[in-house]
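Please have the sequence and the 3D view open side by side. The text below is meant to be read against both.

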Amino acid sequence: MKYKIYMELGESRHIRLKIHSIKNDAFEISKASYILLPMEKEEAEDEGAAVILDHIIDVVITPQNIGVYHLRITYEIADEILIDTVEVRVK
């Protein structure tokens with residue numbers, strides 16, 4: 001997991017991922033969604049469509065409990081489906 005953020009219980013935050021091509025190729029993000037999963041649970045606490053702003057994917061999360069979450073962001077570029085995961089620690 002390459003991303004990790006820390007939050008206080010009760011906060012709402014924008015989480016933004018800036019996507020870029022390592023070959024500097026032009027691309028368009030056609031679709032993006034997210035799911036907020038409490039660690040060691042199978043049921044999502046929140047999920048939905050993400051906002052796409054050119055090459056930035058933006059989601060707003062408000063974790064409801066203290067603990068560790070995985071924020072999984074899935075997005076589509078051309079014929080590929082890519083997934084990035086952010087660890088969210090709430091205290």
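The paragraphs that follow go through strand pairing, the nonpolar core and the salt bridges.

This is a predicted model, in which local features need pLDDT of at least 70 and side-chain atom pairs count only at pLDDT 80 or more, while totals for chains, interfaces and linings use all residues. Residues are numbered from 1 along each chain as its sequence is written, and side-chain values use heavy atoms, with hydrogens and water left out.

Strands here are DSSP runs of E with at least two residues, numbered from the N terminus, and two strands pair if DSSP finds at least two bridges between them. Strands of a sheet pair through backbone hydrogen bonds, either parallel or antiparallel. An open sheet of 3 strands has the order β2-β6-β5, and its pairing is antiparallel. The edges are taken by β2 (13-18) and β5 (51-53); each has a single partner strand, so one side of each has no neighbour in the sheet. On average, neighbouring strands of this sheet are turned by 25° against each other, direction ignored; the axes behind such angles are lines fitted to C-alpha atoms, and angles run from 0 to 180 degrees between N-to-C directions. Between β5 and β6 (residues 56-61) there are 3 bridges, and the two strands run antiparallel. Within this region, Leu-53 is placed opposite Ile-56 of β6.

Strand β8 pairs with β1 and with β7. With β1 it runs parallel, joined by 5 bridges, and Tyr-6 has Arg-89 in β8 as its bridge partner. With β7 the sense is antiparallel, over 11 bridges, and Val-68 stands opposite Arg-89. β7 and β8 make a hairpin with 2 residues between them, and Ala-78 in the turn has a positive phi of about 55°.

In soluble globular proteins, nonpolar side chains tend to be buried together. A nonpolar core is a set of buried Ala, Val, Leu, Ile, Met, Phe, Trp, Tyr and Cys residues joined through side-chain atoms within 4.5 Å; buried means under 20% relative accessible area, exposed over 50%, and partly exposed in between (1.4 Å probe, protein chains only). The largest such core has 22 residues, of which Ile-61, Leu-71 and Val-88 touch the most other members. Two or more residues each come from β1, β2, β3 (29-38), β6, β7 (67-77) and β8, and β7 gives the most, with 5 residues. Leaving out residues up to four places away in sequence, the contacts (heavy atoms within 4.5 Å) of Ile-61 include Met-7, Ile-15, Tyr-34, Leu-36, Leu-71 and Val-88.

The structure holds 5 salt bridges, a salt bridge being a side-chain nitrogen of Lys or Arg within 4 Å of a carboxyl oxygen of Asp or Glu. One of them joins Lys-91 and Glu-8 at 3.7 Å, N to O. Lys-91 lies in the segment after β8 (80-90) and Glu-8 in the loop between β1 (3-7) and β2, so the pair ties together parts 83 residues apart in sequence. Lys-91 is exposed at 62% relative accessible area, whereas Glu-8 is partly exposed at 40%.

Another salt bridge, between Asp-58 and Arg-16, has its closest N and O atoms 3.7 Å apart. It links strand β6 to strand β2, with the two residues 42 apart. Asp-58 is buried at 8% relative accessibility, and Arg-16 is exposed at 51%.

Arg-89 is partly exposed at 34% and Glu-87 is buried at 10%. Together with Lys-4, these two residues form a network of salt bridges.

Note on methods: Helix = DSSP H or I, 4+ residues; strand = E, 2+ residues; numbered from the N terminus.
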